[in-house]
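Hi,

Here is the structure I promised to send over. Have a look at it first, and then read my notes below.

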Amino acid sequence: MTNRRQTQAARRRYNRIAPVYDALEAIVERVAFSRWRRILWSRIEGKQLLEVGIGTGKNLAYHPEGVRVTAIDLSDRMMKRARHRATRGEVEVDLALGDAQLLPFATDVFDAALATFVFCSVPDPVLGLQEVRRVVRQGGQVLLLEHVRVDVFGIGTLMDFLDPIVVRIMGPHIARRTVANVSRAGLRIEEVQVLAPGGLVKSIHARVI
Ligand SMILES: C[S@@+](CC[C@H](N)C(=O)[O-])C[C@H]1O[C@@H](n2cnc3c(N)ncnc32)[C@H](O)[C@@H]1O
């Protein structure tokens, strides 16, 4: 499949799952994700921020005060929910539909970028991360929360096997090597925190060099 067709397929999958997305994640959100989101946002530096793949807007609750956040997403139905959340919570955010692989922004316009559970779904994650590197100024942060391929004998191979099935049903790849992809995109990794057993979820702190 070409990148264009994969991107269209990703949009269709997230549009399809949008009405039930929050419900599907409700338990993990309460038990773990909300805490990890809060910590990630507390680490961000700068005033002009980009959120890639805002989804239904779960991160809106964690925006620090005094920042300007611009957020994009591929899926209009996910974004519709984020828009509703932003209005309800009276959060200042500029929302735009867009593809991480071709960001609709000039070069060097953001102080930092943040994405949570997004680069598992972007068809070409290295291209997406290169785009993030382009729009964030030199020295700016790129902070990610991602579920990734587990490097435990047998389990990683099982994840590779199940990956194409999960993508079709849910949207994300479960066997992405996102830490390596961040390096491949030319970002400097400063810190990788293992958040879930076996390294299934990682917080990745990188910087534009
Ligand atoms: C698993 S959801 C995560 C949503 C949100 N960040 C969160 O933490 O709940 C992945 C999101 O990435 C978006 N996405 C996937 N591919 C994308 C792309 N190429 N460009 C922008 N957004 C994309 C999807 O539409 C979806 O909203």
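A quick definition to start: a crossover is called right-handed if, with the strands pointing away from the viewer, the path from the first strand over the helix to the second runs clockwise. Helices (H or I, at least four residues) and strands (E, at least two) are DSSP runs, numbered from the N terminus. Residue numbers start from 1 along each chain as its sequence is written. Please keep in mind that this is a predicted model, where local features need pLDDT of at least 70, side-chain atom pairs count only at pLDDT 80 or more, and totals for chains, interfaces and linings use all residues.

**The β-α-β unit**

Strand 2, helix 3 (residues 76–89) and strand 3 form a right-handed β-α-β unit. The two strands, residues 68–73 and residues 93–97, pair in the parallel sense over 5 bridges (pairing takes at least two bridges found by DSSP). In that pairing, V69 sits opposite V93 of strand 3.

D73 belongs to strand 2. Is D73 buried or exposed? D73 is buried, because 27 other C-beta atoms lie within 10 Å. The cut-offs are 20 or more other C-beta atoms within 10 Å for buried, 12 or fewer for exposed, and partly exposed in between, with C-beta atoms placed from the backbone. Leaving out residues up to four places away in sequence, D73 touches G53, I54, G55, M78, M79, A82 and L97 (contact means C-beta atoms, placed from the backbone, within 7 Å).

**The ligand shell**

There are 22 residues around the ligand, and Y14, G53, G55, S75 and A100 come nearest; a residue counts as near if its C-beta atom, placed from the backbone, lies within 6 Å. Helix 1 (3–24) and strand 2 each supply at least two residues of the shell, and the largest share, 3 residues, is from helix 1. By class, the shell has 11 nonpolar, 8 polar and 3 charged residues. Here Ala, Val, Leu, Ile, Met, Phe, Trp, Tyr, Cys and Pro are nonpolar, Asp, Glu, Lys and Arg are charged, and the others, Gly among them, are polar.

A10 is also in helix 1. A10 counts as partly exposed because it has 19 C-beta neighbours inside 10 Å. Its contacts, not counting residues up to four places away in sequence, are L74, S121, P123 and G171.

The largest nonpolar core has 44 residues, of which V52, A112, A113, L114, V136 and V142 touch the most other members. Such a core is a set of buried Ala, Val, Leu, Ile, Met, Phe, Trp, Tyr and Cys residues joined through C-beta atoms within 7 Å. Beyond four places in sequence, V142 touches A113, V132, V136, L187, A206, R207 and V208.

In helix 4 (residues 125–135), the buried residues are P125, G128, L129, E131, V132, R133 and V135. They pack against strand 1 (48–52), strand 4 (110–116), strand 5 (136–147), helix 6 (178–184), strand 6 (187–194) and strand 7 (201–208).

**Two loop residues**

D108, in the loop between strand 3 and strand 4, has a phi near 60 degrees, a positive value in a residue other than glycine. D108 is partly exposed, because 13 other C-beta atoms lie within 10 Å. F117 lies in the loop between strand 4 and helix 4, and its phi is likewise near 60 degrees. With 19 C-beta neighbours inside 10 Å, F117 is partly exposed.

Cheers

Notes. Two residues are in contact if their C-beta atoms, placed from the backbone, lie within 7 Å.
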